[in-house]
Amino acid sequence: MAGCAPSDSGSSGSGDEPEGGATTEEAAADESGGDPVQVGIIYSETGPLAAYGKQYKEGLEAGLDYATDGTGEVDGRPVELVYRDDAGNPDTAVAAAKDLIGQDFKILGGTVVSGIALAMAEQAAQNEVLYISGPAAADAVTGINEFTFRSGRQSLQDVATAGAMLEDEGGKVVVLAQDNAFGQGNLAAVEAVLGGEGAEVDSVLVPEDATEFTGFARQVIDADPDLIFVAWAGATAGNMWQSLDQQDVFDAAPVVTGLADSATFSAYGPIGERISFLSHYFPEAADNEVNQALVDHVNEAGGTPDLFTPDGFVAGQMIVQAVAEGGDDVNAMIDALEGWEFEGPKGTTSIRESDHALIQPMFTATLVQDGDGWVPELGETVPADQVAPPEASGR
């Protein structure tokens, strides 16, 4: 971790100086032979998705360490990560972005919240800085403008993975999701992918602040589905799944959902054996050198690799690629990333030039009991080209 020398200003809002490093850019330049590259990372240190933010941060620091061979430098220039807490709030994130841009930061990254990613993308375009979004899955981020990239998967890739698991393309699909950018994005993706293949698509959208889910579970059953696609994120997942079980939703139709982070595995209990999981990532899914480097680094730092750790890791790789090829020129950074193919933790990964979609393999999985707990077991690795999203036309 010392090689990365990240700063951690947290939610204090200072973020101007890296912790434990030189107190001025001139001192850092004298010591390393080059001016520091300052990267603003705006992510959920606190807020409803703070656990995801932690995974992203751990992966980012591992990816930067890997991509710089442990030096934390690109061409003799130390890469300094300056963290700001978005607290899950778009206004907070935008304020932090404006502050960092005002300090002449050319690269911003982070956020696990789709609504924040969209707001950050707007700031990137207005101020002509590079923005590398984190785990935020909304499809609208892809192709939104030339300055915005993503380091994780998007909802269309989740749904395409679910489609690869389905034998019958017809019938009625009911989407149960939170009524926010993430849930709405999943619904739109199901309509585009499964609806485009002939399925009838209906939805039950739940307010993001809901804590009681019995009525929504009954709505799912009353819709008489042939397949139930669940898109959910955050701390209420356990209560939601319990309500589905209590209302016998699993007897109504097959249930497909994304495999969330490891903290949720035990919450499924025996229900997990009745769910078909599509998976973005779990540490045992990928067997390659890069993934092993991710796992080793995070473990050595006292963390545990999880669902969104690779999104941070890939962001670290992208930052290094952008700076190595583009220096401080944002347009040159964009050119360096467009069309770039590299080995990521999940396998061969590429950035589509036309819309900046991150083309990557996906996985299917089941949960199996392991002692008193539950662990994922790999089903299939779905090749990147089979789950590539349609090209976006927003740019």
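## The largest cavity

By class, the residues lining the largest cavity are four nonpolar, six polar and two charged; here Ala, Val, Leu, Ile, Met, Phe, Trp, Tyr, Cys and Pro count as nonpolar, Asp, Glu, Lys and Arg as charged, and the others, Gly among them, as polar. This is a predicted model, in which local features need pLDDT of at least 70 and side-chain atom pairs count only at pLDDT 80 or more, while totals for chains, interfaces and linings use all residues. Residues are numbered from 1 along each chain as its sequence is written, and side-chain values use heavy atoms, with hydrogens and water left out.

The volume of the largest cavity is about 60 Å³. Its lining includes Ser151, Gly152, His280, Pro310, Asp311 and Val314, together with Gly344, Pro345, Lys346, Thr349, Leu358 and Gln360. Helix α11 (residues 309-326) gives the largest share of this lining, three residues. Helices (H or I, at least four residues) and strands (E, at least two) are DSSP runs, numbered from the N terminus.

## The second largest cavity

Across the whole structure, the search finds two cavities of 30 Å³ or more. A cavity, on a 1 Å grid over the protein atoms alone, is a set of points where a 1.4 Å probe fits but cannot get out, and lining residues have an atom within 4 Å of a point. Grid points are joined across faces, edges and corners, and a volume is the space filled by probe spheres set on the points.

The second largest cavity holds about 30 Å³ of space. Around it you will find Leu176, Val206, Phe213, Phe216, Ala217, Trp232, Met240 and Leu244. Both α7 (214-222) and α8 give two or more residues to this lining. By class, the lining has eight nonpolar, no polar and no charged residues.

## The largest pocket

A pocket is an open set of grid points with protein on both sides within 12 Å along at least five of seven lines. The largest one has a volume of about 690 Å³. It is lined by 40 residues, and the closest to its centre are Tyr52, Phe182, Trp232, Ala233 and Gly234. Trp232 is also part of the lining of the second largest cavity.

At least two lining residues come from each of α4 (114-127), α6 (181-193), β9 (227-231), α8 (237-246), β10 (255-258) and β11 (275-279). Sorted by class, the pocket lining has 24 nonpolar, 13 polar and three charged residues.

Strand β11 runs antiparallel to β15 (residues 362-370), with three bridges joining the two; strands pair if DSSP finds at least two bridges between them. Within this pairing, Phe277 stands opposite Ala365 of β15.

On to β16 (residues 373-382), which is joined to β15 by eight bridges, again antiparallel. Thr366 has Glu377 of β16 as its bridge partner. The hairpin of β15 and β16 has two residues between the strands, and there Gly371 takes a positive phi near 65°.

## Salt bridges

Side chains of opposite charge can pair when their charged atoms come close. A salt bridge is a side-chain nitrogen of Lys or Arg within 4 Å of a carboxyl oxygen of Asp or Glu, and the whole structure has eight of them. In one, Asp355 meets Arg352 with the closest N and O atoms 2.8 Å apart. Asp355 counts as buried because its relative accessibility is 0%, and Arg352 is buried at 17%; buried means under 20% relative accessible area, exposed over 50%, and partly exposed in between (1.4 Å probe, protein chains only).

Another salt bridge links the side chains of Asp158 and Arg153 at 3.0 Å, N to O. Asp158 is buried at 5% relative accessibility, and Arg153 is buried at 8%. The side chains of Asp202 and Lys172 also form a salt bridge, at 3.9 Å, N to O. Asp202 lies in strand β8 (residues 200-206) and Lys172 in strand β7 (residues 172-178), so this pair ties together parts that are 30 residues apart in sequence. Asp202 is partly exposed at 31%, whereas Lys172, at 15%, is buried.

## Two loop residues

Gln154 sits in the loop between β6 (148-150) and α5 (155-165) and is buried, with a relative accessible area of 2%. Leaving out residues up to four places away in sequence, Gln154 touches Ala137, Asp139, Thr142, Ala357 and Pro389, contact meaning heavy atoms within 4.5 Å.

Gly47 belongs to the loop between β1 (37-43) and α2 (50-67) and is partly exposed at 39% relative accessibility. The C-alpha atoms of Gly47 and Asp85 are 9.0 Å apart, and the two residues are 38 residues apart along the chain.
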